Amino acid sequence: MKIANEPMALDTEIVEMLYSNNRRSLMAACVVMIALVFIQYDLIQLNILAMWAAAFLLAYGARAYITYQYYQDRKREHHIQKWLSRFRVNSGLCGAIWGLAGILLFPVSDTAHQAFLIFALVGVAGAGIVVYSVDSVSSNLFIGGLLALMIPRFLIHGSQLSVALAILFIVYVVYVTIAGRSLAKSLRENITLRIASNLDNKKVHQLAYYDFLTNLPNRRLLADRLNQAFVRCARSKAYGAVLSLDLNNFKGLNDSKGHLAGDELLQQVAYRLQHALRKKDTIARAGGDEFIAVLDDLGRDKEHAISAAQATAEKLMQAFAQPFQLKNCKYRTIPSIGICIFYGDESNEAEVLRRADIAMYQAKKSEKLNSVQVYDEAQHPAIELRATLENDLAFALQANQFLLYYQLQVDQAQQPIGAEVLLRWQHPNLGMVPPNQFIPIAEESGVIVSIGNWVLMQACLQLKAWEKIPTMNTLKLSVNVSALQFSQPDFVETVTHTVQASGCNPTYLKLELTESLIVKNIDDVIDKIKVLKKLGITFSLDDFGIGQSSLSVLKRLPLDELKIDKSFINDILHNNYDTFIVETIINMGKNLGHHVIAEGVELRQQKSLLEKLGCNAYQGFLFCKPIPLSEFEAKLLRLSTLKPA
């Protein structure tokens with residue numbers, strides 16, 4: 001949507017006024033012409049009258065013709081200067097025709113008819129000044145042509161009366177011209193104010209309903225278009241669709257090339273998307289790098305409508321086939337697209353948009369980056385649950401809904417040597433939410449960083465609290481650290497501050513890292529571990545054996561412990577391959593000088609076999625399930641009473 005500028009709009013208004021007055025001025029000019037010819041018929045030679053009348057008809061016929069052409073031009077607002085120039089030229093010609101009347105129709109010997117002629121020309125001049133006053137050039141050309149030819153004739157060949165009348169005529173013209181210019185100025189100001197008001201209204205409409213960067217409809221106009229689509233689909237009993245489109249790795253472009261490059265990309269994307277859709281479809285910018293397309297009239301058969309929506313989605317995908325030529329570089333990007341089919345006016349705007357967004361996020365999570373996903377009603381309960389968890393998880397920490405459970409770690413004699421701190425979420429409506437449900441969501445949303453920092457602080461405070469309890473003051477607490485948390489630039493500072501603020505002994509704090517974390521940026525991982533080890537903190541590699549870390553990477557890491565993943569322990573009694581892997585890990589750990597602990601130990605036979613293989617530290621249900629702090633401390637007290645003196 002484009003808004004015209006004020007000068008162009010003013011010229012358009014002026015030209016429209018000039019041409020709209022032509023019909024009345026033509027009729028008035030013809031009346032005066034007929035009167036002059038009739039009155040002067042007996043005084044002026046017939047051939048002279050005929051010549052002047054022919055010249056008059058030629059000039060005003062040309063005016064009638066250009067007026068007709070003007071109104072036939074459907075794009076005349078784009079040709080304003082052309083039509084204004086034509087009008088001005090014709091105005092000068094018409095003025096000259098009336099000036100010629102002052103020469104050719106001047107009766108030398110008849111003062112009364114001289115007076116009639118000059119009064120007729122006075123009327124023509126006054127009317128011309130008023131009619132053409134909105135354009136001073138047209139007015140000057142008309143009056144200039146009239147005066148230049150008429151006045152010399154009256155002053156040189158006229159009687160004293162005609163000379164006096166000519167002088168009065170000049171005074172009258174000057175006065176009317178001044179008055180006309182004042183009127184024209186006032187008229188122009190009024191037109192300008194009206195145009196400015198209209199432009200302001202258009203600008204307000206533009207800002208209210210269109211995105212300032214891409215000129216696409218914004219969310220407000222999108223809602224209106226979507227509701228219109230509901231009505232049309234209800235009338236035709238047909239299906240429609242909403243497509244939610246999101247660019248992949250748009251943040252990477254902003255971070256590497258700057259926001260100006262990002263804005264330029266969004267503008268080019270908007271242009272391509274507009275031209276990839278049907279004219280009756282709507283493409284809107286929902287915000288950031290997200291675009292929404294609304295399609296209606298996709299047919300009465302649902303399967304056909306889904307196929308049509310998918311075909312449109314593929315067409316939108318094709319719009320990204322060629323790289324985008326930005327100011328300083330070429331850039332390729334591909335979108336993920338989610339589709340939600342709707343039927344008639346049974347649909348709800350917010351719900352349709354939400355479902356399209358859900359489908360789009362499913363597309364993002366698929367293995368193909370340029371994926372198209374249709375919202376599946378069968379998956380609705382699981383999607384609803386995830387959406388609920390994702391929303392509530394953002395407020396869970398503030399609402400004190402997280403709990404810490406502790407799982408005992410024992411040595412070969414089954415004596416306590418430490419515990420792993422495990423996070424639990426007590427949801428107010430859903431009850432205890434399993435970690436495998438909410439931890440991935442927390443990692444994806446980034447909430448895991450603040451949650452991880454809270455867990456770390458609670459663990460350090462607990463170590464401090466145990467310092468005065470003999471049965472617990474030598475236990476090591478293992479805290480899991482997520483990859484996102486560890487990758488934070490201030491991770492070392494955060495851990496250092498937490499340890500110092502709690503006042504705990506850092507030698508009893510163990511941080512558990514995953515293999516997926518260490519293979520991403522090995523040098524950064526090593527640097528952070530070395531700094532924190534200087535405080536006395538120890539490090540364990542969690543779930544060892546299922547990741548991608550090689551021996552060359554492993555020997556570079558200043559670790560203290562390897563933790564054998566429970567997936568190998570589960571079948572260790574029945575699977576020789578798992579037994580071999582576990583034995584290899586144990587020997588590898590010993591050769592590297594690392595302590596080795598096996599998790600997931602549930603059977604005494606598993607513990608016995610692990611002991612034979614050389615593992616002398618264990619964690620699992622055989623010794624203790626994850627339990628709340630009060631139960632854990634009570635269990636430790638019971639174990640201490642059973643410990644031989």
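Predicted model: local features only at pLDDT ≥ 70, side-chain atom pairs only at ≥ 80, totals over all residues.
**Overall make-up**

I counted 24 helices and 17 strands in the protein; both are DSSP runs numbered from the N terminus, with helices being H or I of at least four residues and strands E of at least two. Residues are numbered from 1 along each chain as its sequence is written, and side-chain values use heavy atoms, with hydrogens and water left out.

I looked up burial next: 46% of the 645 residues are buried. Here buried means under 20% relative accessible area, exposed over 50%, and partly exposed in between (1.4 Å probe, protein chains only). The accessible surface comes to about 32600 Å², and 56% of that belongs to carbon and sulfur atoms; the areas come from the Shrake-Rupley method with a 1.4 Å probe, and for residues only the protein chains shown count as cover. For contacts (heavy atoms within 4.5 Å), I took pairs at least 6 apart in sequence and found that 70% join residues at least 24 apart.

**Nonpolar cores**

Which residues touch the most other members of the largest nonpolar core? In this set of 76 residues they are Leu509, Leu511, Leu557, Ile564, Val582, Leu610 and Phe632. A core here is a set of buried Ala, Val, Leu, Ile, Met, Phe, Trp, Tyr and Cys residues joined through side-chain atoms within 4.5 Å. Helix α15 (residues 448-466) gives the most to this core, with nine residues. Apart from it I noted another core, of 45 residues, with Trp83, Cys94, Ile118 and Val122 among them.

I then followed Leu509: leaving aside neighbours within four places in sequence, its contacts include Leu456, Cys460 and Leu463, and also Ile537 and Thr538.

**Helix α19**

I checked the span of α19 (residues 522-533): its twelve residues reach 16 Å from first C-alpha to last, close to the 16 Å expected at 1.5 Å a residue. The expected span is 1.5 Å times one less than the number of residues. Its buried residues are Ile522, Val525, Ile526, Lys528, Ile529 and Leu532.

I found Leu622 in the loop between β16 (617-619) and β17 (627-628). It counts as partly exposed because its relative accessibility is 25%. Leu622 and Arg604 are 18 residues apart in sequence, yet 7.2 Å apart in space, C-alpha to C-alpha. Beyond four places in sequence, Leu622 touches Val601, Glu602, Leu603, Arg604 and Lys607.

Is Lys607 buried or exposed? Lys607 is at 9% relative accessibility, so I logged it as buried. It sits in helix α23 (residues 604-613), and its contacts more than four places away include Gln412, Gln414 and Tyr618.

**Salt bridges**

Glu444 and Arg386 meet at 2.4 Å, N to O. That pair links helix α14 (residues 435-445) with helix α13 (residues 380-396), 58 residues apart. Glu444 is exposed at 53%, whereas Arg386 is partly exposed at 26%.

Glu561 and Lys510 pair at 2.8 Å, N to O. They join strand β14 (residues 561-564) to strand β12 (residues 509-514), 51 residues apart, and both residues are buried.

Note on methods. Salt bridge = Lys/Arg side-chain N within 4 Å of Asp/Glu carboxyl O.
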